[in-house]
Amino acid sequence: MRSAVLVLTVLLSVVAAREAPPNGPRRIKPGAHFLIGATLHIDPETTQADTTLLLRNGRIAAIGGTVPDDARVWDAHGLHVYSGFIDAHVGVDVSDQKGEHWNTKVRPQRRAHAIPNATAGALRKLGFTAAVAAPKSGILRGRATLISLSKRDADRSKPRPLVHGRDVYQSIGLERFDDSNKGYPTSLMGAIAVIRQSLHDGLLGAQPLVFDTEDELDALRVTKIGREFKRRTIVLGSGLEFRRIAAMAAERNPIIAPVRLPPAPDVSSVGAIEAVDLREMMTWEQAPTNLRRLDEANVPVALTTSKLKNRTDFWKSVRQHIAHGLKPERAYAMLSATPASMLGAEGRLGSISIGKLAHLVVADRPLFTDKEARILSVWIDGERYELAKPRTDVLGKWQFGNAVLEITGKNRAVLVVDKKRHKARRVAVAGQRIHLAFDLPDGALVVSAEQRGEDLVGQTIVNGERAPWGRIARRIEKISADKEDEDQQPDDDDELDHSDVPANYGYPFGPYARVGQRRPPKRIIIAGATVWTCGQDGIIADGQVDIAGGEIVYVGKRNPVEGDGIVTIDAKGMHLTPGIIDCHSHTGISRGVNDSGQAVTAEVRIGDVTNPDAISWYRQLACGVTTVNSLHGSANPIGGQNQVNKVRWGVTHPDQMHFAKAPGGIKFALGENVKQSNWGDDYTTRYPQTRMGVETLMRDRFNAAREYMRVGGRRKIDLELEALAEILRGERLIHCHSYRQDEILMLCRIAGDFGFKIGTFQHVLEGYKVADEIAKHALGGSAFSDWWAYKVEVQDAIPYNGALMHEVGVVVSFNSDSDDLVRRLNTEAAKAIKYGGLSREDAFRFVTLNPAKQLKIDHLVGSIEKGKHADLALWNGDPMSTFTRCVGTWVDGERLYSEDEDREQRKLIASERKRLIDKLVKRAHNRPHTGDKERGPIWWMKRAQHAACGLCGTQEVR
């Protein structure tokens, strides 16, 4: 017992020795504070002017009332007090605590529990009193903590900042390795697969998931993950959500929104103007509308300083959003009530309410409506942090009872009473304090006051009678003491006209957008065309096709139909074909066509990363393409799952591109790519490195899938083996990158041994050598028409390959594997006539019905037959002629491309480019410019001689 007491005594003496002894009276912090005269912004909807606020023991004790005897009194007349702001995401470095997971980017067990003092100080200056410390870097990054932003003392024995919520969410990023040598994943779809598998593995606990996103499409992708696993999901946004606002409105997923704004595009020279992209300019103009649009869509939004290049730009950016229509009270909510609710802290933070923590922001003017407002102090857990001294701006006109007090300089003041001006006989201005004396007809007036925001607070003595302390005047007009301030040019967009920012911009965001919902006619009749049915009816001269409800309801000879809601298109002299189908495409795949970090990536899904904004989609429509097979790349023996897409230009959500009834597929690959023989000397360690290794790996994975299937319902979900099991069950089609006959035969033997049918051999340049085996084991071969000699393993390719396979009974298609070649698939089909002598109808089936058969969607598309989808292309001549143009394309009965509309779109694009370039040039010239002060959007044209203008790249005329 004595030894324990001795140890305790020693410990207490050590703690006591850390602090210097008091030199004089002890400094005691008062437990109670009383603010007088403030305008309290209690919550976004409630404001109380000229009231009092009592803080006791770190909490809000009373609103209104009289000063207690034990409280320190703070004069807050003219000041505005808000609930402390909450930053819902502050990324911090966390030590890489080793976990059980094999992937170094998966560390969900980490916990961020502190914010560095420098970061906390910077946040306090912006009015933040609490913030979430969230681990940064990685995919599963770790758990986040909501803490006060009070200053951390270097003395570890001192109290730490209060914790308001532990494990408030799991921080997740869509991060990937930049090189397959470094690890897996190397693609966005791979990162999503890691997250999905981790959720199946139960690694993420029960806390909400916050996903860090790079763009608006990511926000929709992670929302889909949350829905799939029934997990509460919050998006750490990108500031670009406005580009898909309709989908955001439909999802209404909470967003932690950064207020970063993109830099103005470069218009400093003729070359820069020619190079600037319309979408980039539109993004610059529309970005400040992001918060307003999200709020109008009823999306819960909390603001964050995350992703700002410089945190000091925070308020400037917020005010830009307010200038573009965000209501000030909604901006306040996004900094207080909404993040408190989002983080489960609404009982402690988020409003000025009795019982809540004393987290306050004190400003000299209304923060959300006055761009000159400054934050003077913040209160955190009842402790005050002074941030700025009140400004010196007592100059101006003040309503002083029935009189007007004019203070025009340090030694100049006039009192205007009944239109008579009385000059002060004594004036003393020091900072915010002022002392005045006037000789008035009915006696002397002495004023001693201090400026508080827009008020003068102090006392007056009239004829020796002292008035009580309080507000004595309110400002009615400012007077600038520094004339140079009047000549300062506004920064950035302060003087730009925001009224011309388009309210609607359509989808996808950028050129050729489809604006508004279009109601298709009740029935569309295309009459008089030569109809290439690609079906049993062959080619019909002077034919007619009727469309209703997105389907073909009549095919045959011209048969006039009349009635309300019927639109008839006169297609005399034209040719109507099924929409072209590309069986091998990589269009519109976000951030990585391959995931090359592992040899087997059957768990990754192309459908997770569909990008409906790629301009190539529109160009494909303009060339009659309506369906594509979007494939993973050929970096792996067993790659990722494919996605069959309809070219639905203008959808609001990426998943609306997906061909819902198309069977699933997966990319396999053979040859040089998968064994990395053409990757360079640094890539010699990933298995397999030989062709026999490729076969061994495939057989091993199928055996593993068989074992996985035998376990049945007791098994733990493995997404890689799930995909392979679907192949074995005949539910998923293999689309295999292939060249050489020996490897084609190898995969055919594997299919035979494991009892499944291959979907397609892609490229299949030596398919003519083993066509009989392909016909037996696969749905078909999707070939290049006449590509060869681009590497050693294709040296036996011949242009007759497609025709020779066709003669043996293989279902053959020609594909593009190229955003360029896909626009000429109609003429690629003609090569089967030149090299092989196929009939015109059989040749055109190579790009219509045959790829539909290979994808097992031929009962829906690929030919013009009653009951099939109305996916059609209208040509102004023979569809296989190089002189022919596509003049119209329908997908699901909706005309998504029209040559006439395209001409109008080009005019609109040119007009919009001109408007935005003019706006950018005006902005540039409204900013401070070295030299000439005569500025304006066309100032350089007002002179007679030329000199280079470095700002805009034009010629200055002198």
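**Exercise 1. Describe how helix α14 packs against helix α15 (residues 719–728) in this predicted model.**

Step 1. Start with the geometry: the axes of α14 and α15 are 9 Å apart, and the packing angle is about 90°.

Step 2. Values from 65 to 115 degrees count as roughly perpendicular, so α14 and α15 are roughly perpendicular to each other.

Step 3. Find the residues that make the contact. From α14 come R701, F702, A704, A705, R706, Y708 and M709, while α15 supplies E720, L721, E722, L724, A725, I727 and L728.

Step 4. Sort them by class: 10 are nonpolar, none is polar and four are charged.

**Exercise 2. Work out how α14 (residues 691–711) is placed relative to α16 (residues 741–754).**

Step 1. Look at the axes of α14 and α16: they come within 11 Å and cross at roughly 20°.

Step 2. Angles under 35 degrees count as roughly parallel, so α14 is roughly parallel to α16.

Step 3. List who meets whom. On the α14 side are R691, V694, E695, M698, R699, F702, N703 and R706; on the α16 side are E743, M746, L747, R749, I750, D753 and F754.

Step 4. By class, this contact of α14 with α16 has seven nonpolar, one polar and seven charged residues.

**Exercise 3. Characterise the aromatic pair of F702 and F756.**

Step 1. For the setting, note that the structure holds 28 aromatic pairs. In the pair of F702 and F756, the centres are 5.1 Å apart and the planes make an angle of 40°, an arrangement classed as tilted.

Step 2. Locate both partners. F702 sits in helix α14 and F756 in the loop between α16 and β40 (758–763), so the pair ties together parts that are 54 residues apart in sequence.

Step 3. Check the burial of each residue, using under 20% relative accessible area as the cut-off for buried. F702 is buried at 0%, and F756 is buried at 8%.

**Exercise 4. Is G556 buried or exposed, and which residues does G556 touch?**

Step 1. Leaving out residues up to four places away in sequence, G556 touches I540, G543 and Q544.

Step 2. Finish with a distance: the C-alpha atoms of G556 and V531 are separated by 8.4 Å, and these residues are 25 residues apart along the chain.

Definitions and conventions
Residues are numbered from 1 along each chain as its sequence is written. This is a predicted model: local features need pLDDT of at least 70, side-chain atom pairs count only at pLDDT 80 or more; totals for chains, interfaces and linings use all residues. Side-chain values use heavy atoms; hydrogens and water are left out. Axes are lines fitted to C-alpha atoms, for helices over the stretch in contact, and angles run from 0 to 180 degrees between N-to-C directions. Helices (H or I, at least four residues) and strands (E, at least two) are DSSP runs, numbered from the N terminus. Angles under 35 degrees count as roughly parallel, over 145 as roughly antiparallel, 65 to 115 as roughly perpendicular and the rest as oblique. Contact means heavy atoms within 4.5 Å. Ala, Val, Leu, Ile, Met, Phe, Trp, Tyr, Cys and Pro count as nonpolar, Asp, Glu, Lys and Arg as charged, and the others, Gly among them, as polar. Rings of Phe, Tyr and Trp (its six-membered ring) pair if their centres lie within 6.5 Å; planes under 30 degrees apart count as stacked, over 60 as edge-to-face and the rest as tilted. Buried means under 20% relative accessible area, exposed over 50%, partly exposed in between (1.4 Å probe, protein chains only).
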